[in-house]
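Colleague: I would like to learn how to read a model of this kind. Could you take me through it, one feature at a time?

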2 protein chains.
Amino acid sequence: MNQATLDATIHLPVGSPPLACVDIGGTKVAISMADHRGISGKVSEPTAKEGNNDALAQQIIRMIGESCALAGIPLSSVGSVGVSSCGPFVLNDGLVELAAPNICGGLAGKARGLPNDWMSALLEAPLRAAFKNVRVENDGVGALEAERRWGALQGLRNCAYVTWSTGIGMGLCVDGHILRGKNGNAGHGGHIFVSDNDEALCGCGLVGDVEALVAGNAIARRFAAQGYADASALFTAARAGDARAIEIIDALCHVMGRALFNITALMDLQRIALGGSVFWHNQDYLLPRLQAFMHGKLPALTNGLEIVPAGLGERVGDFAALALVMR
Amino acid sequence: MNQATLDATIHLPVGSPPLACVDIGGTKVAISMADHRGISGKVSEPTAKEGNNDALAQQIIRMIGESCALAGIPLSSVGSVGVSSCGPFVLNDGLVELAAPNICGGLAGKARGLPNDWMSALLEAPLRAAFKNVRVENDGVGALEAERRWGALQGLRNCAYVTWSTGIGMGLCVDGHILRGKNGNAGHGGHIFVSDNDEALCGCGLVGDVEALVAGNAIARRFAAQGYADASALFTAARAGDARAIEIIDALCHVMGRALFNITALMDLQRIALGGSVFWHNQDYLLPRLQAFMHGKLPALTNGLEIVPAGLGERVGDFAALALVMR
């Protein structure tokens, strides 16, 4: 779907209440409003990490007001708030709080230099005190719902969205059911182990999980000393025929291929849609390698499996929160 | 639950039609009948692997008749047939056929010496022609349903049953939904990759997957030359203080621990029940090691996770088929 078609599709019916779309990352919070005219009022700020552990929730409530003002929408008319957030989550009285090590200083230890000692950041409780309808999901679930509604996973009951970006995340759907798990943390597939490589420390504290080995920030961390400052530099070198860069990317594809194979063996999927900046900017290079990795492995499970680029491309994240609350 | 309590529990109500319980393994087929008196009429034979590719289905139909005769139940009174089978499955017109490399000679190649060239073994279609109500699931699903109904997973919405036996299999439940996948093959967690060890070939053709490294048949294959003829010999040596045996088992626990961690990260589980002969006979040795492996890894996902022995113990398999069809 091209962008014009996409934007034309994603309009609420005239007369339905506007929706607030909240995207929480470890670095920034982005909020926009959706109504019958489309999506507007986008505001973005660095993720709040100072003060009490309700600072992030209060930031979001304030920014929703600012987004409404920018979009010319009365705050009181907001129908639902969809929140697509980085995780992991913990539940407190059934309400989501964030236990993300890149936000909560109390979890990460002093090494990260976070300016707080939070063990979790409040999220759902303050939002529910301010708004009537709130749905919070991890960003893998949000992206999956967006891809199932408007992207490459439409009409599929057994599918996954996998982001290969600064981090690695997944949204998983089996038998038409989107997986959430006991605290809404299903899909933390960046943190599975697929190899014995123990040279890489993940932001979550694990050593050698998939994210530690292949995520965008891991590429920079692991290979800068070899002359590849970041993923972009690495792929540029590989395209120019640099044998060492090609070898490194083959190893990255081996790790990511195993992660994709593992979710296929566990969930018997039909299609996996890939997005995220590392994948998106290098899909011509990566897609055939990932498909080749899968080919012929345990045919009863991989026959008929498709690995495709995300239908929403780089805009998956923009529509994740909306997909959570749009009927 | 002790065996007497269990047997007392698993009686159909008086007047409800008897159920045929079919357990298909790569080596043998076992069939019994359940009615208001309990379970009876057990018959068992080597799995049919000669003749046309409906030989297994015809064997099952014949054996159901024999089981009925033994149990004193008229064949015509059989209400439903539950089939818990080894996999993987393929679907043909929506009906399950087996594509198991230890049954189908056409899949396995000549190396296995199977006396047939089947690419798949018919299963659901012939059974549906003979019986009105048939439910076929992979044996991981069957065992999971038995553990959720009568065993250690009662009342849980996010849980898994993992068998550590001759092979490795799983049944997975997320948000109260039992995962099946596009062909009913969800839970093939024995075939995920968690390490780089490439010295072990799996029966499925993969090299270095979990089953190739730690399953009962893998232990015999990998370590016989070191003086440990099978899992039993290995654990006996470890209990006697044999340093090499202890080291081998630690490595096995590292692989299985990673498999358990991976499904937890992907599905945010509350409890994993372990069964299977390798685990069951050595649970005092294995359970604390597996629990220790998990401890402290990505706490938002592993906090509150329990790893426990199967409530049905060695009898999980006996009740798997029944759990599929008993209301």
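Colleague: Let me begin where the chains meet. How many salt bridges are there between chain B and chain A?

Modeller: Keep in mind that this is a predicted model. Between chain B and chain A the count is four salt bridges. One to look up is Asp196(B) with Arg258(A), where the closest N and O atoms are 3.6 Å apart. That pair counts because the cut-off is a Lys or Arg side-chain nitrogen within 4 Å of a carboxyl oxygen of Asp or Glu.

Colleague: What area do chain B and chain A bury between them?

Modeller: They bury about 3600 Å², and 62% of it lies on carbon and sulfur atoms. In chain B, the residues that lose the most area to chain A are Lys182(B), Phe193(B) and Leu266(B), which together make up 22% of what that side buries. As for residue numbers, chain B and chain A each bring 46 residues to the contact.

Colleague: Now to strands. How do strands of a sheet pair?

Modeller: They pair through backbone hydrogen bonds, and the pairing is either parallel or antiparallel. For a case here, take S1(A), residues 19–24, which runs antiparallel to S2(A) and is joined to it by six bridges. The two form a hairpin with three residues between them.

Colleague: Which way does S2(A) run relative to S3(A), parallel or antiparallel?

Modeller: Antiparallel, with seven bridges joining S2(A) to S3(A), residues 38–46. Two residues link them in a hairpin, and Met33(A) stands opposite Ser40(A). S2(A), residues 28–35, has seven of its eight residues buried, so the rest of the structure largely encloses it.

Colleague: What is the strand order in the open sheet of five strands in chain A?

Modeller: The order is S11-S10-S9-S12-S13, and the pairing is mixed. The edge strands are S11(A) (177–178) and S13(A) (306–309), each of which pairs on one side only. Within this sheet, S9(A) (159–164) and S10(A) (168–174) run antiparallel and are joined by six bridges. Val162(A) stands opposite Met170(A) there.

Colleague: Is helix H13(A) mostly covered or mostly open?

Modeller: Mostly covered: eight of the 10 residues in H13(A), residues 316–325, are buried. Among them are Phe319(A), Leu322(A) and Leu324(A).

Colleague: Last, the backbone. Which residues are joined by a cis peptide bond in chain A?

Modeller: Gly87(A) and Pro88(A), with omega about -5°. Pro88(A) sits in the loop between S4(A) (80–85) and S5(A) (89–92). In chain B, a cis peptide bond joins Gly87(B) and Pro88(B), with omega about 0°.

Colleague: And what is the phi of Asp268(A)?

Modeller: Positive, at about 50°, although Asp268(A) is not a glycine. The residue lies in the loop between H9(A) and S12(A), and at 0% relative accessibility it counts as buried. Asp175(B) also has a positive phi, about 55°. Its place is the loop between S10(B) and S11(B), and at 13% relative accessibility Asp175(B) counts as buried.

Terms used:
Residues numbered from 1 in each chain as written. Chains lettered and ligands numbered in written order. Predicted model: local features only at pLDDT ≥ 70, side-chain atom pairs only at ≥ 80, totals over all residues. Heavy atoms only, no water. Contact = heavy atoms within 4.5 Å. Buried area = accessible area lost by both parts, 1.4 Å probe. Buried < 20%, exposed > 50% of the residue type's maximum accessible area, 1.4 Å probe, protein only. Helix = DSSP H or I, 4+ residues; strand = E, 2+ residues; numbered from the N terminus. Pairing = 2+ DSSP bridges.
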